[in-house]
Amino acid sequence: MSSKPSVPNSLNEHWMPFSSNKDFKANPRLIVEAKGVYLKNHQGQTQIDASSGLFCNPLGHGREEIIDAITNQLKTLDYAQPFQQGFGGSFELATRISKHTPGNLNRMFYTICGSTAVETAIKISVAYHRARGDSQRFRFVGRERAYHGMNIGATSVGGMVNNVKTFASVLMPGVVHMRHTHLPEHKFISGQPETGVELAEDLERICSNFGAENIAACIVEPIAGSTGTLVPPKGYLQRLREICDKHGILLIFDEVITGWGRTGSPFASQEYGVTPDLMTMAKATTNGISPMGVVACKEEIYDTIVDNAPKGSIELFHGYTYSGIPISVAAALAVQDIFEKDDIFNRAKNLTPYFQEGLFSLKDIDVVDNIRGYGMMGGIDIKMDKKPGAAGLTCFKHCYEAGVNFKATGDCLIIAPMFICEKKHIDEIIEKLRTGITNYSKSKKN
Ligand SMILES: Cc1ncc(COP(=O)(O)O)c(C=O)c1O
C-alpha cells in the first residue's frame, strides 16, 4: 500500500487552480486534516473553517454518515455508465430533491459540478425554445460581477473581468450583461438593500436594444456569492421575473451557492418568493465531498423537449460520463437524510442573526471598507492597496496565520460558516477574523 505524504517533495508539477502559483509555492499552505468545523495545516496549526470550504461543506468535515454511505455504495456498485441505462439511486435522489425545489421544478438533470450545471442550463434553454419551434432565441443575458463557473458557457454569462479578458476571443457570442446590483450607498447593510430595484430595468433595455424575441434566457445568482455577497435589492428578482414573463425569456437562478439552506430557506427562490424556470445547484448537494451538479427544470420544459423529439430517439444530446454517478448520488442521499434529521435549513435560519451581528461587529476596523451579509453568508471588503486584489491576499494570509480559513476574491473576504456551527464557533470565527484583519492593518502601518 502506498501512503501519500501530507507534505510532498515537490510542488512544481501541480499547476494550481485560481492561485498565485509562485507566491504559494514560495510559502505553501497545505491542509492535512479536516473534522467538523476545523482544519489542520501542515504546520500543525488548527484553523476554523469560516467559508464551509468553498461554500460546499455546510454539514462539516468528516461526516460519518456520508463516509459510510459512500463506502457502502463503492462496495456494491462503484460505477454504472449513465447513458440509456441507470441505477435506482439517481432516481430516488431526483425525487428527494424535487421535494425541496420551488414550484414545479421537478425534473433533475445531473452534471459534474456548478460550471457544467450552468452549461447544461444554457443548452436546455436553447433546446426548449427550439423544441417549441422558436429557434431564433440565441442570446443570453448575464450580469456584471456574476460568477457561474469556468467552462466557455459559464465564463461567457459570468461577469468578472479577470475571468473573461484572457478568453474574450473564444467566448460565446450573443451574451449581454446587466449591471451588477451593488450601489455606492449600499454600505454596511445586512439583508436586502432598499434601493436599486430599478437596476432590473436593464433587462427591459436589453430587450429593446437587442430584440426580446432573440433572447433565450437570463441567468443570475439570486445573491452574487463569489464577488462578495451582493444581495438583491428589494423587489429586484420579482421585477426580473415579470420582464422574463412578458417576453417569453427563461429565468435561470444559479443557486450553486445559495441552494441548500445558505439563505435559511432551501433555496433563495423560496426565500425571495420568486420561482425561476431553471435552477442550478452543486456544492452542498453532496456536502462538497463528491462532485455533482444538478439542473432542476420546470416540468413543462422537460415535457416540451421530450415530447417533441422523434419517438425512440435521444431527446437531449447532452450528458457527462459522471452524470449522477453512484458515489455522488450516495453522498447526496446521505446529505438529504442529514438535512431532514438535523432540520438543517431551520438551523441555518436560527443561527443567522447571531452570525450577522458578529460579522457586522468588524466594521470598526480601519481597513474594513464595507460589509454585506444575508443568511449564513457575508462579504468583507478590505480597502484597496495600490492594485485590486493585493490587500485581499495579504489580509487572507494574516487571517490564515490567526487560525481562520476562508477564501478571498479580489479584496473581499468571503465568509460562509457551516450550518453545524454553534454560537461559540461563530464567536471564534469573528475573533480570529478580528485578529487577522487587525494584524494586516498593523502591517500596513509598519
Ligand atoms: C454561483 C456559482 N455558479 C457556478 C459555480 C461553479 O461551480 P464549480 O466550481 O463547481 O464548477 C460557482 C462556483 O463557485 C458558483 O459560485
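This is a predicted model: local features need pLDDT of at least 70, side-chain atom pairs count only at pLDDT 80 or more; totals for chains, interfaces and linings use all residues.
A backbone N or O atom of Gly 114 is placed 2.9 Å from an oxygen atom of the ligand. An oxygen atom of the ligand also lies 2.9 Å from a polar side-chain atom of Lys 283. For Asp 254, a polar side-chain atom is found 2.6 Å from a nitrogen atom of the ligand. The ligand taken alone exposes 390 Å², of which the protein buries 83%.

A helix pair was also examined. Helix 4, spanning residues 88-98, and helix 12, spanning residues 326-341, have axes that come within 9 Å and cross at roughly 35 degrees. The crossing of helix 4 past helix 12 is left-handed. On the side of helix 4, the contact is formed by Gly 89, Ser 90, Glu 92, Leu 93, Arg 96 and Ile 97. These residues meet Val 329, Ala 332, Leu 333, Gln 336, Asp 337 and Glu 340 of helix 12. The residues of this contact divide into 5 nonpolar, 3 polar and 4 charged. Among the charged residues are Glu 92 and Arg 96 in helix 4, with Asp 337 and Glu 340 in helix 12.

Definitions and conventions. Residues are numbered from 1 along each chain as its sequence is written. Side-chain values use heavy atoms; hydrogens and water are left out. Axes are lines fitted to C-alpha atoms, for helices over the stretch in contact, and angles run from 0 to 180 degrees between N-to-C directions. Helices (H or I, at least four residues) and strands (E, at least two) are DSSP runs, numbered from the N terminus. A crossing is left-handed if the near helix is turned anticlockwise from the far one by less than a right angle, and right-handed if clockwise. Contact means heavy atoms within 4.5 Å. A polar contact is a pair of N or O atoms within 3.5 Å; within protein, one must be able to donate a hydrogen and the other to accept it, and residues adjacent in sequence count only if both atoms are side-chain atoms. Accessible areas come from the Shrake-Rupley method with a 1.4 Å probe; for residues, only the protein chains shown count as cover.
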